[in-house]
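Here is a short report on one protein model.

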Amino acid sequence: MPDRACPIGDWKRHRLSANGFVMVVASGLVYRRAMFSLSADEVESRIKRILVEDAYLDLPVDSISASDGLAVDLGLDSLGFTELRVQCERQFATKIPDEQFNSVRFHSVGSVRDLILELCR
């Protein structure tokens, strides 16, 4: 079974272990993938930091909750959603398929957290 961190395509891959990470080479791209599972709290914390630091929400990280709607409660615009997707792919070494990048999966911080946990398993 191919690694979920690798994009769909040529599954010629090599695994190189380094400093607690697995380096997966697929289709000429290298992905760093943690060898240990991240907790739901850690994933949620990283998503909140992405929203504040990379999507430029003018809110303290502590004021964002898992149930906050990204568009309705936090005011994230279309560019912010795209930035959130890209940064999640980088931070969690995964690929979010186009069919998963929708208003249901990206409704709230909690729904994005659940998607990332699902993709990284």
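Predicted model: local features only at pLDDT ≥ 70, side-chain atom pairs only at ≥ 80, totals over all residues.

Residues are numbered from 1 along each chain as its sequence is written, and side-chain values use heavy atoms, with hydrogens and water left out.

**Overall build**

The protein has three helices and three strands. Both are DSSP runs numbered from the N terminus: helices are H or I with at least four residues, strands are E with at least two. The order from the N terminus is β-β-β-α-α-α. Of the 121 residues, 38% are buried. Buried means under 20% relative accessible area, exposed means over 50%, and partly exposed lies in between (1.4 Å probe, protein chains only). Among contacts (heavy atoms within 4.5 Å) with a separation of 6 or more, 44% join residues 24 or more positions apart.

**Helix H2**

H2 covers residues 78–91. Its 14 residues should span 20 Å at 1.5 Å a residue, and its end C-alpha atoms are 20 Å apart, so the two agree. The expected span is 1.5 Å times one less than the number of residues. Buried in H2 are Gly80, Phe81, Leu84, Arg85, Gln87, Cys88 and Glu89. They pack against helix H1 (40–53) and helix H3 (109–119). Glutamine 87 touches Ile50 and Asp54, leaving aside its neighbours within four places in sequence.

**Accessibility and cysteines**

| Residue | Relative accessibility | Class |
|---|---|---|
| Glutamine 87 | 11% | buried |
| Cysteine 88 | 0% | buried |
| Cysteine 120 | 29% | partly exposed |

Cysteine 88 counts as buried because its relative accessibility is 0%. How many disulfides does the structure hold? It holds zero. A disulfide is a covalent bond between the sulfur atoms of two cysteines. Here the test is a pair of cysteine sulfur atoms within 2.5 Å. Cysteine 88 is in no disulfide, and the nearest cysteine sulfur, that of cysteine 120, is 9.5 Å away. Cysteine 120 is in no disulfide either, its nearest cysteine sulfur being that of cysteine 88.
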